[in-house]
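Please keep the sequence and the 3D view at hand while reading.

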Amino acid sequence: MKIIIRLRKIIALIILLAGLIVLPHYLEFHYQDLLIFLIVNVLVVASYRIVTLTGEWSLIHAVMMGVGAYTAALLFKNYNAAMWFTLPLAGGAAALTAALLSFPLFRMTQFYFLIGSFAAGEAIRLTWMQFIFPFGGSGGLSGIEPPIIGSIDFMDPIPYYYLALGVVLICLFILYRIENSKIGMTLHAIHWKAPLAESVGVDTWRYRALAFIIGSFFVGIAGALKIHYLGTITPNQFGIGFMVFILIWVIVGGYKTIYGPLIGVVVLTIFDESVRGFGELRPAIYGGVLIISILFLPLGLESIYPKILTWCGIGSNSSDGPPP
Amino acid sequence: MKITRRDFLKKTATGVVLAGVATGLPVNVFANEKTVKIGMNIPMTGDYAPWGLPGLYGCEIIADDINAAGGVKIGNTNYKIEMVSFDHAYDTEKTIQGYKKLVLEDDVKMVMMLGGSTVSSILPWAQRKKMLTTTLLPSDITPKSEYVIATCESHPLYNVTGVEWLAENFPEAKTAVIVTNNDVEWGLQSASTYKAAFEVAGIKVVDVNLHGFDVTDFAPIVSSVLAKKPDIFCMATSFYTTPLMEQLYHQGYKGKIISCTLDYYNEIIAKTSKEFVNGTIFQFPDFDDPALLQEGIHFPDPNGFDAKFRKNHPNDWSAVAWEYPAILLNWIEGAKAAGSVEPTEVLKALKSNKKPNFVFGGGRWWGSELWGLDNAIVGRWPVVVIEDGKARIKEFRSLTDWLDKNNDILKKNMKALGLRTV
């Protein structure tokens, strides 16, 4: 039985990969761009999930993406650094910032942590806004170019899509491995039974900080990926508005499994684009659908599949409690 | 009834001829008629929507009028105009998507944009596709942005005309304070321009408060600057004119007020009083103003346009309502001169005209002294004052004359606030 389930998963993965490879060739130009930003946002929500594994929800993740993006932008603008260097360094800068912020932030938990993370994020974002040198102030920085290798110009959407897809898949694989490693299990344990975990010698502060640093590292890479394609960076790209979108993607998608946030970002991005024709009514329609979705699917879109299995009598509803 | 072979052939032949006439006539009549698409990549939702959506409404009015009159003749072809819009909500990601959709999929011949970081994000594509792109913020122009032009609004340079008028008409006003948001695209550009204008006019700036977008309570800001007892309160290009005006009203300010914009001034009057708002100086007229009927104004039937706009969209009039249409009119002028709708041809024709039609007249290409490229049209600009609760043009003043005399002072003040100049 296990072999069949595994085989089914591998086949599904192969079909998904094949679909992702051929997809851009069937899309119009501006949908190719949308696909690139969607792929980057998949990494954003996947990395955010690592932070939420310990039960802490932060409001600084968008700013951490900005730390990575600004690092890449400044390295490119000042040192003409190639993207292959800026990507890991962007992740490193975001991770380092997270490590430093861990000391004050993880003295708080729950709601206080949420507010503290928002305040810390705004302090960073306002610094970018306040200093025209070196950050460009509110107007930000522009002219950050993607690489050109031989005849492949990564300014074109299809080559850049494959580049982004490759980087994001590697990152997702690492994040998946982390979640299913001993570290991941410990993070889950802290979420569901923190006092019990502490009683058996788990340093919960250290693990919470580690989750925050890992999440920030990967979202920093996502920031660099995005900015090398956009070519322009401004502080507003990483404001509370974008952070709210991250939260919506994760909440609507569900956060019990790694698939939930990914489903959330994909479905909501496609939905947002599909209602573009409604013009000024679009935000209202989007908001209405969110409310309906939260009311009728409180455990997120990821809970639909187990529900269907339960209705068909071939599975049990496993989305109500903690993961095994 | 028996149909003979002769009858059948006769009737069939008649039918074929009639069908040929019916289908052939329009083909012959409209053989040289085409549709040209003009793109608008603007914010239509979100915080910046008031500086995007009214512009689309305005352009649709102009395009409908032109189309109803039979279109516009460019070269040997008669063109109907179709506006194609994309809502980028002032988001750089969506801006790039929108730009590519308009240019590569919709085949528009010009893209109108608001300006700022959204224009920076599409610059590489404008260059690569040689696409004529317009902005309302000429500070977007760089030495390398040859396809980006600003043919209507030369924000914030025209603010100097308001200060000049104020200094001449109220010589007793000798001190000023400036309060505005600290963003690079609007606030700082405007604050530095006002500082330069005050310096030229011999008015001393006693305080400058550049606040962030996070401010929700303007009482302490207004209190602190009013403590300097200024004769003039300058809001530069503030996103917060309404709360600032409310605070000035509640704190009993009696001096002169000057601002770049005063969008939705009726709301300000409703929140304060007509008497308080009367006398406020700004730069954006309503288009029902009789002063716009005088010679030298390059905008067809401005009063009729205003009436039509307010009838169709009663609560949406803002400064951009006539600015994007004015840019559209510039494009038509360029396309007619070029005899072509192709972006590079239109740009070439527009740039080769040393005295281009400018909405308020007296236009000329300018910009290399400040941004490295003569890609902005500057000319006369109106000084507008609220009188009896209504915006009224007091005078048109020459921006070009001021720039010719005082460009160095302007540059000095821009550099002092860390802004880019050549």
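## Asn78(B) and its strand

Asn78(B) belongs to strand S3 of chain B, which covers residues 77-87; here helices (H or I, at least four residues) and strands (E, at least two) are DSSP runs, numbered from the N terminus. The model is a predicted one, in which local features need pLDDT of at least 70, side-chain atom pairs count only at pLDDT 80 or more, and totals for chains, interfaces and linings use all residues. Residues are numbered from 1 along each chain as its sequence is written, while chains are lettered from A and ligands numbered from 1 in the order in which they are written.

Asn78(B) counts as partly exposed because 15 other C-beta atoms lie within 10 Å; a residue is buried with 20 or more other C-beta atoms within 10 Å of its own, exposed with 12 or fewer, and partly exposed in between, with C-beta atoms placed from the backbone. Leaving aside neighbours within four places in sequence, Asn78(B) is in contact with Asn32(B), Glu33(B), Gly70(B), Gly71(B) and Lys73(B), where contact requires that the C-beta atoms of two residues, placed from the backbone, lie within 7 Å. Val36(B) is 42 residues from Asn78(B) along the chain, and their C-alpha atoms are separated by 9.7 Å.

## Helix H2 of chain B

Strand S3 also takes part in covering the buried residues of H2(B), together with strand S1 (33-42), helix H11 (302-312) and helix H12 (320-338) of chain B, which are included in that cover. The buried residues of H2(B) include Leu53(B), Pro54(B), Gly55(B) and Leu56(B), as well as Cys59(B), Ile61(B) and Ile62(B).

Helix H2 of chain B runs over residues 53-68, and its 16 residues should span 22 Å at 1.5 Å a residue, which agrees with the 23 Å between its end C-alpha atoms; the expected span is 1.5 Å times one less than the number of residues. Just after H2(B), Gly70(B) takes a positive phi of about 105 degrees, and Gly70(B) is one of the residues in contact with Asn78(B).

## Thr95(B) in helix H3

Thr95(B) is found in helix H3 of chain B, residues 92-105. Thr95(B) is classed as buried because 27 other C-beta atoms lie within 10 Å. Not counting residues up to four places away in sequence, Thr95(B) touches Asn41(B), His88(B), Thr118(B), Ser121(B) and Ile122(B).

## Chain B as a whole

Chain B holds 14 helices and 15 strands, and buried residues make up 50% of its 422 residues. Its C-alpha trace spans about 105 × 45 × 40 Å along the principal axes. Among contacts between residues at least 6 apart in sequence, 64% join residues at least 24 apart.

The domain assignment gives domain 1 (33-155 + 296-378) and domain 2 (159-282 + 383-416) of chain B, with bounds that come from an automatic or database domain assignment. The contact between them takes 16 residues from domain 1 of chain B and 12 residues from domain 2 of chain B. The centres of domain 1 of chain B and domain 2 of chain B, taken over C-alpha atoms, are 28 Å apart.

## Helix H8 of chain A

Helix H8 of chain A (residues 182-199) has 18 residues, yet its end C-alpha atoms are only 17 Å apart, short of the 26 Å that a straight helix would reach at 1.5 Å a residue. H8(A) bends by about 125 degrees at Lys193(A), and a proline, Pro195(A), follows within four residues; the bend is the angle between axes fitted to the seven residues ending at a residue and the seven starting there.

Thr186(A), Leu187(A), Ala189(A), Ile190(A) and Ala197(A) are buried in H8(A), and what covers the buried residues of H8(A) includes helix H9 (204-230) of chain A. Just after H8(A), Gly201(A) takes a positive phi of about 95 degrees.

## Contact between the chains, and confidence

The contact takes 25 residues from chain A and 23 residues from chain B. H2(A) gives the most to the side of chain A that touches chain B, with 5 residues. The predictor gives the complex an ipTM of 0.81 and a pTM of 0.86.

The mean pLDDT of chain B is 92, and 93% of its residues reach 70 or more; pLDDT is the predictor's confidence in each residue, from 0 to 100. Over residues 16-30 of chain B, pLDDT stays under 50, and the model has 0 contacts beyond four places in sequence for these residues. Where pLDDT is low, the predicted coordinates should not be read in detail.
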